[in-house]
Amino acid sequence: MSAIETKSLTKVFKKDFSKKKIIALKSLSLKIEEGEVFGFLGPNGAGKSTTIKILLNLIRPTSGTVTIMGKNPSDKNVRKLVGYLPENPYFYDHLSAKELLWFGGKSCNMAAPAIRERTLQLLEELELIDAMKRPLRSYSKGMVQRAGLALALIHDPQILILDEPMSGLDPMGRIKVFNLILKLKEEGKTIFFSSHILHDIERLCDRAAILINGDLIRLIDVKNDLHQGETLESIFMDEVKRSGGLRE
Amino acid sequence: MNGIWSLGYITFKEGIKSRALFGILIMVLFMFAVTETLTDLFMRDIVKVAADLSLSTISFSGLLIVLFIGINLLSKDIDKKTIYMVISRPISREQYILGKLLGIAMLLIVCTLFLGILSSIPVYLSKLSYENPQSIFKWHIYFIAIAFIAMKLILLSSITVFFSSFTSTSFISLVLTIATYIIGSTSEVVKGLLEAKIEGVEISPAVAAVIKFVYYIFPNLSAFDLKIQAAHGLALPSGYILSTSLYWGFYIAIMAVAGALIMRRREFP
């Protein structure tokens, strides 16, 4: 059984007050196996976040199917298996990281002692322990991102879906998040993440997909498909050129 | 249940730490001080005036909490996309609506209880300063009136939750809630005027039908206004308390179910 599977996934958005339709995803079929780290590449508007939102049941596909561990994501219990970090996460202003993680653990039916233990462990690891009682609105961008990662990890999920986890981070923040993803990979977690930082994807991922204008252009086995001197960046640029650039 | 409870709890926490709440509290303290000063200007029935003013203050400040904190607790989730953090957890859309309503209800109960206790100070002081052996003021009716204010505010919040389930900005929810509050507070009086059949006043059947429709569709918020009973120490029939409580529970249930059904179909791109 695949950890994540999409079959002919299509999403069409209708613009308000007009009949104009935007095809955000065109018949996307993907299989991501358990324990795999999968990178999702594409320029802005390529359909990466749309795919992720369908995986989390935030939006529904116009057609096609999606399963997580063989189950439909509309089943709320499926989300116990998933940890999600949205792009530019925004949390309640007055809550502290400790309260945020209490919510994360409680909503997954974790017992209070387990939540406490895991909270301290994660906040220590993500270097937020000194700020855990401060309101989240006083956090820097990097700290918010790390708090979001802690929330995604509080219930020790089998699958992680990370939307631009490195976005807006300073070099130190990027290194911390990078190392964390590496550690999760070693623990055998399935990680599905989108990023614009191709170098990170190349170093972290087993496979990557290039998505342009809603179309899956290419699937790359990072270890075997990159030939001498070839980088993910060069392949990506070639594919963007070949596809005729981006739609308006 | 964990999903509803955990969401309710963080919603309550977010609301109780809101700066707007402190602003409202300062305003309430000022109003209670004014109540104490104003009652001194009256020659008699000071307790009646103090009770009336105190209950009006609680009701008004509660309305401000619903409008400026309650609405934000829900609509901001959609405005600022904090909803991603909630519904990406094992929380269904229906549980989301119930959790939010629970959190706002907890906030309103705590605030009304606190204001109720605080409001009893000017009432108690006026009782002390004007000892009237014929006074008919009864504390238990005063506190029932406060409980009914809390019920009215929770009912109004359930309507806010319903509106927020399909609106995309907090401003629209705010406007719709204010409109509902005005209609709900006055519909009984308007219907009463319609049924009074005043001589020389002709009301067209269409207008009468609209008034009746509005009366039955919108919540009758004036049913929760017990200021007169509290100020005059009038007895409250248990049948009235029971029927109003049932109406309250029924209306909230309808709003929660309707909100949940709309939310179930909603997408968050």
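Two residues are said to be in contact here if their C-beta atoms, placed from the backbone, lie within 7 Å. This is a predicted model, in which local features need pLDDT of at least 70 and side-chain atom pairs count only at pLDDT 80 or more, while totals for chains, interfaces and linings use all residues. Residues are numbered from 1 along each chain as its sequence is written, and chains are lettered from A and ligands numbered from 1 in the order in which they are written.

**View 1. The interface between chain A and chain B.** In this view, 26 residues of chain A are in contact with 22 residues of chain B. The side of chain A that touches chain B receives the most from helix α2 (residues 97-107) of chain A, which gives five residues; helices (H or I, at least four residues) and strands (E, at least two) are DSSP runs, numbered from the N terminus. Sorted by class, that side of chain A has 14 nonpolar, five polar and seven charged residues, where Ala, Val, Leu, Ile, Met, Phe, Trp, Tyr, Cys and Pro count as nonpolar, Asp, Glu, Lys and Arg as charged, and the others, Gly among them, as polar. The model scores ipTM 0.88 and pTM 0.89.

**View 2. The six-stranded sheet of chain A.** Six strands of chain A form an open sheet with mixed pairing, in the order β5-β6-β7-β3-β8-β9; two strands pair if DSSP finds at least two bridges between them. At the edges stand β5 (82-85) and β9 (215-221) of chain A, each of which pairs on one side only, and the twist from one strand to the next averages 15°. For this and the later angles, axes are lines fitted to C-alpha atoms, for helices over the stretch in contact, and angles run from 0 to 180 degrees between N-to-C directions. Within the sheet, strand β3 (residues 37-41) and strand β7 (residues 190-194) of chain A pair in the parallel sense over four bridges, and Val37(A) stands opposite Ile191(A) in β7(A).

View 3. Helix α1 (residues 48-55) of chain A lies across β3, β6 (159-163), β7 and β8 (207-212) of chain A and runs at about 145° to β6(A). Helix α8 (residues 232-242) of chain A also packs on the sheet, where it touches β3, β8 and β9 of chain A, and its direction makes about 25° with that of β8(A). The strands β8(A) and β9(A) pair in the antiparallel sense over six bridges, with Ala208(A) opposite Ile220(A) in β9(A). These two strands, β8(A) and β9(A), form a hairpin with two residues between them, and Asn213(A) in the turn has a positive phi of about 50°.

**View 4. The three-stranded sheet of chain A.** Three strands of chain A form an open sheet with antiparallel pairing, in the order β2-β1-β4. Because β2 (21-32) and β4 (63-68) of chain A stand at the edges, each with a single partner strand, one side of each is left without a neighbour in the sheet. Neighbouring strands of this sheet are turned by 25° against each other on average, direction ignored. Strand β1 (residues 4-14) of chain A pairs with β2(A) in the antiparallel sense over eight bridges, and the bridge partner of Phe13(A) in β2(A) is Ile22(A).

**View 5. Two loop residues with positive phi.** Most residues other than glycine have a negative phi. Glu127(A), in the loop between α3 (112-125) and α4 (141-153) of chain A, has a positive phi near 55°. Glu127(A) is partly exposed, with 14 other C-beta atoms within 10 Å; a residue is buried if 20 or more other C-beta atoms lie within 10 Å of its own, exposed if 12 or fewer, and partly exposed in between, with C-beta atoms placed from the backbone. In chain B, Lys81(B) lies in the loop between α3 (46-79) and α4 (83-87), and has a positive phi of about 65° although it is not a glycine. Lys81(B) is partly exposed, with 17 other C-beta atoms within 10 Å.

**View 6. Ala105(B) within the helices of chain B.** Chain B has 10 helices and zero strands, and 44% of its 269 residues count as buried. Ala105(B) lies in helix α5 (residues 93-129) of chain B and is buried, with 23 other C-beta atoms within 10 Å. Leaving aside its neighbours within four places in sequence, Ala105(B) is in contact with Ile154(B) and Ser157(B). Chain B averages a pLDDT of 89, and 99% of the residues score at least 70; pLDDT is the predictor's confidence in each residue, from 0 to 100.
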